[in-house]
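Hi there,

Here is the structure I promised to pass on.

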Amino acid sequence: MSKKKFYVTTPIYYVNDIAHIGHACTTMAADIVARYRKLLGGEVFFLTGTDEHGAKIAEAAKEKGLSPKKFCDKVSRNFKQIWPKLNIDYDYFIRTTNPRHEKVVQEIIKRIHKKGDIYKDRYEGYYCVGCEKFVTEGDLVEAKCPYHPTKKIQKQSEENYFFKLSKYVPQIIKAIENPKDKNHYEILPQSKREEVLSRLKQGVNDLSISRANVEWGISIPWDDEQTIYVWFDALLNYYSALKITKRERFWPANLHIVGKEILWFHTVIWQAMLLSAEIPLPKKILVHSFYTIDGQKMSKSLRNVITPGALIKRYGVDGARYLIASSFPLENDSDIGWKKFDQKYNADLANGLGNLVARVAKLCENSGFNFPEKKGHFYSYGQGGIIEKYLDKYQFNEALFYCWQVIKGADQDIDRDKPWGKQGKELEETLNRTVTRVRQVAGILKPFLPETAEKIEKQFAGPKIKSEKPLFPRIK
Ligand code: MSP
């Protein structure tokens, strides 16, 4: 039987900024899903990358005194290199400045043009360079973009090419609402699906898909005075990456994971582009909320940005992974911060998991027993367990909470059974039960904390089980 294919993506990140915990949370979510799907026996393709064109990047490069390409090479490398440090195992890293991506974008825009879905008109209105988005007066708060309150909003009036977005609205509504529709796709969570549907039903304007005064980008193939709108270019990465890597068989994507601020692009504009180009639509879009730091928005000016590097330095790779996954902002924003992280690390990792593993290993070592050997996976994913139910709904924090209940249960059992007062057969039975629990925890943790899971698997493979260095040293 051929393996079930699963294609998961993250947004491609703008290179005007360094990677932070917000980017890490989406990329980590995709990594957990990818690892989980592999444990289920699937064939997985996991894509991430960087979004490198547009006015915002050109401005950032200018500020640094670099050419846009040099600047992109530099920052993109940072993104590319930071993910493996978090043990994030992507299959391909796409850059929109890759000429092969640019070629695909030009081919698709030509196809949409030929279809009659592109026309020229005058754009009069506002533009937020921070979002790289055309905005209406209604989107602004005190004449500023709510996502970029420090940036000046641009007033624009220029001739642009427009895409007939409105033409596809009825088809899109049907595709979202009707599970039997041939284009059906899911938007999760439900609240975001409702938000999109309600906006669609209020009426949608066509979309300007070119810029006259932005040079840094891909030019319109039939008019090199105009540059393709950066979002039109960027969204196509999910498709071009498969062409570049010759992995077309993974299309359509099973899951696009995105943050809430780019909901509309990923649940409406993207689908309309694909419908026009006659390319099958993705299956599911998971839209998560945001991290706030100690009750505030994360921002450079507040100097509260948490980077993956700083997290790894303080908590180790799996410590960082645990703290991100267990605070994943699924439905609502999730407030995090160093103090909260320190507390959680000590309570759940140093005391909880670390302590249980150390305690059981010591008891096993002191007993001198041989334990039944166990190689390979310690937990069989795919048997419909509770963990799978949570993972299927992307409830990473719930899945981890459940796992920590097992850890607490194992600790309580040791306190109750008092193996230190037992001997012979009785002691052997008690220890065997506890060892089985620890092995199960290691198996469950595989998609979340792969390194720790592997260490425990090795330590508890038997026949002898011995003490090792603490997994998670306490933070003072
Ligand atoms: N380049 C576009 C995406 C194009 S995809 C075709 C973009 N890039 S971005 O660098 O701004 O990254 C946005 C993404 O980063 C969000 O959608 C989200 O996944 C993540 N996050 C950024 N800040 C975040 C938080 N404070 N909290 C959680 N995730 C956040 O938009």
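What does helix α10 (residues 308-326) span between its end C-alpha atoms? The answer is only 15 Å, whereas a straight helix of 19 residues would span 27 Å at 1.5 Å a residue. (The expected span is 1.5 Å times one less than the number of residues.) Helices here are DSSP runs of H or I with at least four residues, strands are runs of E with at least two, and both are numbered from the N terminus.

Before I go on, a word on the model. It is predicted, so local features need pLDDT of at least 70 and side-chain atom pairs count only at pLDDT 80 or more, while totals for chains, interfaces and linings use all residues. Residues are numbered from 1 along each chain as its sequence is written, and side-chain values use heavy atoms, with hydrogens and water left out.

Back to α10: the helix bends by about 110° at Y315, the bend being the angle between axes fitted to the seven residues ending there and the seven starting there. Of its 19 residues, 14 are buried, so α10 is largely enclosed by the rest of the structure. (Buried means under 20% relative accessible area, exposed over 50% and partly exposed in between, with a 1.4 Å probe and protein chains only.)

The loop between β14 (291-293) and α10 holds D294 and also R303. D294 has a positive phi, near 45°, though it is not a glycine. R303 is another non-glycine residue with positive phi, near 55°, and at 78% relative accessibility R303 counts as exposed.

Next, a helix pair. The axes of α11 (residues 338-367) and α14 (residues 424-444) come within 10 Å and cross at roughly 145°. (Axes are lines fitted to C-alpha atoms, for helices over the stretch in contact, and angles run from 0 to 180 degrees between N-to-C directions.) On the α11 side the contact includes L353, L356, V357 and V360, and on the α14 side L427, L431, T434 and V435 are among the residues; contact means heavy atoms within 4.5 Å. The contact residues divide into 11 nonpolar, 2 polar and no charged. (Ala, Val, Leu, Ile, Met, Phe, Trp, Tyr, Cys and Pro count as nonpolar, Asp, Glu, Lys and Arg as charged, and the others, Gly among them, as polar.)

Finally, the cis peptide bonds. One joins L188 and P189, with omega about -5°, and P189 sits in the loop between β7 (186-188) and α6 (190-201). Another runs from G462 to P463, with omega near 0°; P463 is in the segment after α15 (450-459).

Best wishes
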